[in-house]
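Hello,

Here is the structure I promised to pass on. Have a look at it first, and then read on for what turned up.

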Amino acid sequence: MDYKKRNGGPFVGGASQAKRGKTAGEWEDSPSQFEEELSMFDEAEMDAEEMEGQAGHDVIPVGDLFSADLNPRWRRPLAPSLDPSSDTLVFQQIDLDYYLVAGMPGQLQGKVPIIRMFGVTDSGNSVCCHVHGFAPYFYVPAPSGFTSSHLGEFKKELNSAVLKDMRSNKDNISVTVLAVDITRKENMYGYHGKRSHDFLRITMAMPRLIAPAKRLLEQGFKFAHFPIQGYQPYEANIDFEIRFMVDSDVVGCCWIELPKGTYKVTLCQYEVDVGWTDLISHPAEGDWQRIAPLRVLSFDIECAGRKGIFPEADKDPVIQIASMVQRQGETEPFIRTVFTLQSCASIVGSQILCFTQEKQLLQSWAEFLRTVDPDIITGYNIQNFDFPYLLNRAAALKVNLFPYLGRVRGIKSVLRDLNFQSKQMGRRENKTVNMEGRVQFDLLQVLLRDYKLRSYTLNAVSYHFLQEQKEDVQHSIITDLQNGNEQTRRRLAVYCLKDAYLPLRLLQKLMCVINYMEMARVTGVPLTYLLSRGQQIKVVSQLLRQAMKQNLVMPVVKTEGGEDYTGATVIEPEKGYYSVPIATLDFSSLYPSIMMAHNLCYTTLLQKGSVEKQGLSPEDFIKTPTGDMFVKSSVRKGLLPEILENLLSARKRAKTELKKETDPFKRQVLDGRQLALKISANSVYGFTGAQVGKLPCLEISQSVTGFGRQMIEQTKQLVESKYTISNGYQGDAKVIYGDTDSVMVKLGVGTVREAMDIGKEAAEWVSSHFTPPIKLEFEKVYYPYLLINKKRYAGLYFSSSADTHEKMDCKGIETVRRDNCPLVANLINTCLQRILIDKDPQGAVAHAKEVISDLLCNRIDISQLVITKELTRTAQEYAGKQAHVELAERTRSMCWRTPFPSTHNTTWSSSCLSLSKQRVSCSVSSNPNTS
DNA sequence: ATGAAATCCTAT
DNA sequence: TGAGATAGGATTTCAT
């Protein structure tokens, strides 16, 4: 039930320590390791391919003009010609949007939406596929007495109401409602005896007309002789892209086939048109799990800022842009270039293009991007810095051909501010740049979403994941390097290249592309949604797909924050130091398995009075611990349990396939898949409890936690009742702690081996008391174990072997918290090691005293105390604020308190852990004068 | 001085 | 116009 990957341990914090700056003159001495790496690429290519008169390390002085023809390798492979009447076209779709065009013949002056899918074929050719004929729609229940004879009147009245509602009608639309049909559907919210009703399916001309039509019908609508009434809308809040994907069974990043004779080619590298019912979507199974050779571009820019001032696009020039391009699945970038302002000495393994005018540099780089035609663009903080800066700079210099960065000719890329806020991530101001057909994969955003780190600077992150760092160039000297000679500019170019290279390496190491693609495939949403939207859309997408099979429709609910509901139980800990093995038993996937075991779903919920109304007998339904009622699966199987079963069985399949698979690339895909499936299963519960959400249902979420509370209590009692001396066991078992889905048990045995054996037996025995698929599993043994408080403990972790511990596991203690400086984390960590590993509490106390005394006597270099109190603050470095660290207060009160009741007055007693009370506090202040 | 409320970040 | 959940410890800030 953890939602986020964790930072490995306390010591990676050192990553934020930059190498000491080199002094001037040291630059030219010896090539850096990175330069050697670059030159290796060059050699590899010299061997691999005949040089096409285009050396990899050329310096090209492009004085005025620039031509993509100079660089044949930038282009995509030549596209074999395609005959729509005899060839099928198969491609992997990676992005999807829609646009409006002047309407079909017969429809005056209106506009219709066309879905546009972008993708890549197996041979690496790009595809832009226009999907015609799909229109947005929503549902309302048909009023009583409604027959097909009323359709015309309803449509006419709604159409004129929507027209009247429009403030202006610039497009001169005359038809807003395209069609109204009667269809049998059932509301998915609540069990009503499987009775379907007449619904009106209202098809609108454009996606943006859905909202006004919905509002008008909701507020009260009158037509023909029917009385004025409000209509409950259904599925009127579904993004058009999702609507299309659900209806045509397309999932994110799946392969699409256009059979021969169904499409036509209109333009260049496979720009095709097809009807929406003609395209074939392949489920991501077997061969269709593969990934096309996507082009991934990573880039970084350098600006010549003024001393101490963060670069401003209207004043400070862009002086270099480094780019690296790699095909997904390959290990090295095949394009490595730097565009520089003024001359620059050559760098083996990369191509340098020098410009005398900044305007030409910018325009040429845009041309370069369009030529390379990347499917995915990455970099570090490109979303909030590089792209906005480039666009603003191009606007300031009036480089009019610059801001066309997408794959659709003529669409200008514009900068917009976007406010994104969620309870999870707080309020975050973001910028966006539209780039049709390309997925922007800003590595900083990925890391902020998926990893909890102490620092998010590129340097720290690279060190953490790659044990590698940036080239050593201080921001403050960039302008000086630019104003020097071609050697100093070369130094800058190497730095810039590395900043483009590191994101590429990280993307590969963390398998971001694969993992995100698998998530898109599993949940059915476009790749871009995964980075720009929250968790809910993924559940909505799955829910709609499952609902459609059963003719169920999803209501639009008004979002209204209500009362919080009760969550999980945390068993009161028996605090203390345990020098005996403690077994830990966990319910695996607790919340998903509760929902499956008890068939909890919107479609099975019995609302007030339903039992009587449906005439249900007590065997037909259950009453949950919170008093809510749901029908059993024998009456109707819920959608959510179905979704969860699919996810978990698919995960099991992926894991068995993973065991068999030997190809490393396919293994990565499978591993990404099983991870995506697990995360997806865990987010279903959160969706039902999200009170400001698309379809909250507190009856479900509070029942889930209610069952959970009951189960953990029962588990405690079962274990303590069976494993007793009177039942022939070595000791009386005692549950000393438990949180949500786990219990820590002192079994009264002396060895890890025994604790494991009894633990396994106990888990199995307890499981038999619960409804499948609920399952309690033995997970690990802690020996010894230090239980400080609720959600705060540490212990040596045994699971695979009874002989050696795998790690020292710390939960909730300062060592894992990022709001402490590393000094405190290190101190506590050392103390814990003394206590748990060396079994020497006096040693721990001695160490703590020593550190404190060193601190008080100024024997500790306070530059060690680089802290990142919160990640937003680190992120601010990108907004230009230099974090200046100072030691505000050396220690607080030096009191030593006894943390445990005197019953535990063992040698442990005066625990060093009380040091957390006197932790060193550092304050971070903004000081622009600091270099 | 003292306690309540707000803030932060973790556990699950 | 888009946002997963609650429990809970430790510390800081604010009000009295």
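Which residues of α19 are buried? Before the reply, please keep in mind that this is a predicted model. In α19, the buried residues are V752, A755, M756, I758, G759, A762, A763, V766 and S767. The helix itself runs over residues 752–767, 16 residues in total, and spans 22 Å from its first C-alpha to its last, close to the 22 Å expected at 1.5 Å a residue. The elements that cover its buried residues include β23 (582–587), α18 (698–722), β29 (776–789) and β30 (792–798).

β29 and β30 pair in the antiparallel sense over six bridges, and V781 stands opposite F798 in β30. The two strands form a hairpin with two residues between them, and K791 in the turn has a positive phi of about 60°. On β30 there is also a pairing with β31 (residues 807–811), antiparallel over five bridges, where A794 faces C810 of β31. Six of the seven residues of β30 are buried, so this strand is largely enclosed by the rest of the structure.

One joins P772 and P773, with omega about 5°, and P773 sits in the loop between α19 and β29. The other runs from Y783 to P784, with omega near -5°; P784 is within strand β29. They are worth a glance, since most peptide bonds are trans.

Now for the chain as a whole. Chain A contains 22 helices and 33 strands. Of its 931 residues, 53% are buried. Among contacts in chain A with a separation of 6 or more, 72% are between residues 24 or more positions apart.

One is an open sheet of four strands in the order β5-β7-β6-β20, with mixed pairing. Its edge strands are β5 (137–141) and β20 (552–553), each of which pairs on one side only. The parallel part includes β6 (residues 177–187) with β20, over two bridges, and E186 stands opposite L552 in β20.

The other open sheet has three strands in the order β24-β26-β25, with antiparallel pairing. Here the edge strands are β24 (605–606) and β25 (621–623), each pairing on one side only. β25 and β26 (residues 629–631) are joined by three bridges in the antiparallel sense, with F621 opposite V631 in β26.

K194, in the loop between β6 and β7 (197–204), has a positive phi of about 55° although it is not a glycine. K194 counts as partly exposed, at 49% relative accessibility. Q467 has a positive phi too, about 50°, and is not a glycine either. Its place is the loop between α8 (458–466) and α9 (478–483), and at 56% relative accessibility Q467 counts as exposed. T147 belongs to the loop between β5 and α2 (151–165) and is partly exposed, with a relative accessible area of 37%. T147 and D198 are 51 residues apart in sequence, and their C-alpha atoms are 9.3 Å apart in space.

M519, V522 and T523 in α11 meet K538, S541, Q542 and R545 in α13. By class, that contact has two nonpolar, three polar and two charged residues.

Finally, the cysteines. How many disulfides does a search of the whole structure find? The count is zero.

Enjoy exploring it, and write back with any thoughts.

Best wishes

Methods
Residues numbered from 1 in each chain as written. Chains lettered and ligands numbered in written order. Predicted model: local features only at pLDDT ≥ 70, side-chain atom pairs only at ≥ 80, totals over all residues. Heavy atoms only, no water. Pairing = 2+ DSSP bridges. Disulfide = S-S within 2.5 Å. Contact = heavy atoms within 4.5 Å. Nonpolar A, V, L, I, M, F, W, Y, C, P; charged D, E, K, R; others polar. Expected span 1.5 Å × (residues − 1). Buried < 20%, exposed > 50% of the residue type's maximum accessible area, 1.4 Å probe, protein only.
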